[in-house]
Amino acid sequence: MKIIIAGDGKVGSTLAKQLSAEGYDLTLIDAKSKVLEMSEERYDVMAVQGNCATMEVLDNAKVKESDLLIAVTNADEVNLLCCLLAHGMNPKIHTIARVRNPEYTKQVYDMRGLFGISMVINPEGSAALEIERLIKYPGFLKRDTFAKGRVEIVELRIESSSKLCNLTLNDLESVIKCNILVCAVLREGKAIAPNGFFTLKENDRIFVTASPQNLTILLKNLGIITHKAKQVMICGGGRVSYYLAKALIGSGIAVKIIESDKDRCVQIATLLPEADIIHGDASNEFLLESEGIAKCDVLVTLTGVDEMNTMISLYGHSCSVPQIITKIGRMENSTLLNSLPIGSIISPKSLCSNAIVRYVRALRNQAGAARAIHYIADGQAEAIEFLVDENTLHCGEPLKQLHIKKNVLVASITSGFRQTIIPNGDSVFEKGNTVLIVTSAKQVIYSLNDIFE
Amino acid sequence: MNYKMMGKFISRILLVEAVFMIPALLISIFNNEIKSVAGFGFSMLITLLLAGILMLFCNHCSKAFYAREGLVCVGISWIVMSLLGCLPFFISGEIPNLMDALFETVSGFTTTGATILGEVEKMSRGCLYWRSFTHWLGGMGVLVFVLAIASGGDSKSGFTMHLLRAESPGPKVGKLVPKMKTTAEILYAIYIILTILNILFLLLGKMPLFDAVCTAFGTAGTGGFGVKNDSIAGYSPYLQNVCTVFMLLFGVNFSCYYMLLIRQFKSVWKDEELRFYLGAVFVSVLMIAWNIRGLYGTIGETLRHAAFQVASIVTTTGFATTDFDLWPALSKMILLTLMLVGASAGSTGGGFKFARLLLILKSIRRNIRQVLQPQKIQVVRVNGQPVDEKILENTNAYLAIYVIIIVVSCIFVAIDGFSMTTNISAVIACFNNVGPGFEAVGATCNFAGFGYFSKLVLIMDMLAGRLEIFPILILFSGAAWRHK
């Protein structure tokens, strides 16, 4: 499949990395030759230098023979124009545009029809959605839902006081008294596929699959208190803050936003009359204290500078804020970040590229394609949801008789009527079931049949 | 430095080399050349053994592979390949001196065509075939071949770009299609098709099959090893003209052929380097034909010799139909200049490349205008596209190193006491991968007279010329080997 990526920025190069590893023919377009040179050296891609919203450059990038165009430059108008031109030059092409301006996102659905755009992606919007979910369901570092909400993968950190600490996985069920599956463990930056004799240690981050009911039991038995957030403090008044504040206010949570730019303060104050907008420097500890950081339930750091977000979150931790969420733009140094008590980490860039990768895979194999893909364990493992259809092999055979590839785990099977089951050796899957697979991210699984040897 | 990864890569190259020795072995068996059979048999064994050992030791390696590893890897690969490639000549006793055998092989792989043999026709057929085949393999590059055919799962990462950059000639190396592997495949497909066409046209002129294949290999790689003592002179005028045309074809940037294939005729027609190259050939032919008028019987013959020699020298092939050492000074000077320039970027030819000369001339023009109008901002353009300042800088630096290497090599070679013309033309002919020079290394003579040290210097020159200096130069730089 031939794919053009217009804009070789943060998202563009992340996409180039993931998609070139999956063997697609990639062409990158960017106005700056320096970034293109870097990408060309790192990944197996072709580079075209120029403005992606001109027909000449699109023609050089062979838009007429391409199957998909992903426009992720930093300008919404350029992205839209680029998709529009590409669609005009090649009516069969699929187009994905990144649109970030809230004024445009309102009209996304109409634009999709008018411009023939297949998918409009708003990284800030999806980041805000993710943060909202974290605030509403606290206790987990990260939470992904599959099978229309009937299965979830959550990430937990093992504290030294936890019941799970120093526990062998075989004894897990007797301690927490419910059926869950630990599908991956992240220890010191390395993802491990655990077996029954694996012992959990302090500071491990574990990825647990279970149905929502069992998760509730897990939470209760582990003594993680689920409190409802009432007061949220947001540092930084960018787009994510706006989307997030709007959603939180809608569900009755009080929001306080600290922003250093006066004009922006006025702007969001106009847009969000219910929110408290504070004009000031969020890295000023005195200001944070006087605005009541000690009393708020959730601290969300969303300034444009990663270092600043990390520092403010660390300060929030020292003021014992119950829940902290930190936005990080560059994930390269995430091994280090995970050792810091800065709560859950949100990266709009990887949320955006994950969504696009999911779309690309669906496009590649529309019949047996994954219905959802989530990267877990710092992108070292992925959880993929498949629907079992008539083409799937080995239907109705017990799992223990199947030869499944190494590092592939069947994490759950959901059927239409029964509950979600966490499979054991005797479990079977049948047509119409939804199967959740957890695998190492290096392994490329396009369809359910790929998991068999 | 990731030695294991490099070892793994070199083991693959050795494997490819051993496989390519099979046809030579078969030809030797077919012709009952017992010594050559032994030579190729033992060489293949040694090569396979070495590849096996390397593979065993370098099985588990990290994937860290950067520009530095790429450059060093290319340099070492070519040296190792030449060291093993010379074994058949040495073991079979065809070239009893190891240094001579190495010189001949390096000259083959780098598509130079400089020989130390006085009597080519005495050589066994198997060895003759292998000698010409090294041209063909070296012309497009062995690493490119490994990328195209034998590359494993690592082709997905971009590091292969470093290898292509290091092995393919020209100031700016790009891909034809997004995937490295496909690009390498396309290049080799064009190369193979052109070679087959060349063989067919030679066969049409009633050239024996063996001669046709060897001559086509020499032409395709722009090498210049022939199978006859008098190079191409003994063949009919038709065959000489076929050689002229194909030499010129192999001196064209291969991306032009790809453009023709995807029907972008306009961009080929407008290509400045192609126009410059063909223009230079045309003017040179006319000037030389005028200069050597009267030396040959008819105008047709004069033009044929002039065209053949210009094509042979400009593409750095080095075939000869006549002893151009006897031509007047102007003709010799034109040929010497063409030797320095060489063929187009992205072709199989050597030399400084027309693309670089074009950039240098354009930046000189800019500098002159700058003096007249200091305030004016000027952008150097090639084919309508602005050229990055960094590329201009690199090209200027390349010119400087190019001149320095020629001067230093001339001083080293001068130790042997040959005449000035011999020394300078020998170095230029080797460094630009042409082959024959003037006087003692002229078209009818050979390099056997040089001493060991001079031969070693010339071997290094040939390798540096083929790989565009840096991959070889970097091997002598301490910074490349130091652990970080």
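**Close-up views of a predicted model**

View 1. Leaving aside neighbours within four places in sequence, Ile469(B) touches Tyr398(B), Ile401(B), Tyr402(B), Ile405(B), Phe431(B) and Ala464(B) (contact means heavy atoms within 4.5 Å). The residue is placed in the loop between α20 (452-466) and α21 (470-473) of chain B; helices (H or I, at least four residues) and strands (E, at least two) are DSSP runs, numbered from the N terminus. Is Ile469(B) buried or exposed? Ile469(B) counts as buried because its relative accessibility is 0% (buried means under 20% relative accessible area, exposed over 50%, partly exposed in between, with a 1.4 Å probe and protein chains only). From Ile469(B) to Val245(B) the separation is 224 residues in sequence and 29 Å in space, C-alpha to C-alpha.

**View 2. Charged ends over rings in chain B.** The charged end of Arg356(B) is over the ring of Tyr398(B), 3.8 Å from its centre. Tyr398(B) is also one of the contacts of Ile469(B). Over the face of Trp269(B) lies Arg275(B), at 5.1 Å from the ring centre. A charge sits over a ring if NZ of Lys or CZ of Arg is within 6 Å of the ring centre and within 35 degrees of the ring normal.

**View 3. An open sheet of six strands in chain A.** The strand order is β14-β13-β12-β15-β16-β17, with parallel pairing (two strands pair if DSSP finds at least two bridges between them). At the edges are β14 (276-279) and β17 (344-346) of chain A, each pairing on one side only. On average, neighbouring strands of this sheet are turned by 20 degrees against each other, direction ignored. Helix α10 (residues 239-250) of chain A packs on the sheet and touches β12, β13 and β15 (298-301) of chain A. The direction of α10 makes about 160 degrees with that of β13(A); axes are lines fitted to C-alpha atoms, for helices over the stretch in contact, and angles run from 0 to 180 degrees between N-to-C directions.

**View 4. Tyr242(A) and Tyr243(A) as a ring pair.** Both residues are buried. Their ring centres are 5.6 Å apart and their planes at 55 degrees, so the pair is tilted (centres within 6.5 Å for rings of Phe, Tyr and Trp, its six-membered ring; planes under 30 degrees apart are stacked, over 60 edge-to-face, the rest tilted).

**Notes.** Residues are numbered from 1 along each chain as its sequence is written, and chains are lettered from A and ligands numbered from 1 in the order in which they are written. In this predicted model local features need pLDDT of at least 70, side-chain atom pairs count only at pLDDT 80 or more, and totals for chains, interfaces and linings use all residues, while side-chain values use heavy atoms, leaving out hydrogens and water.
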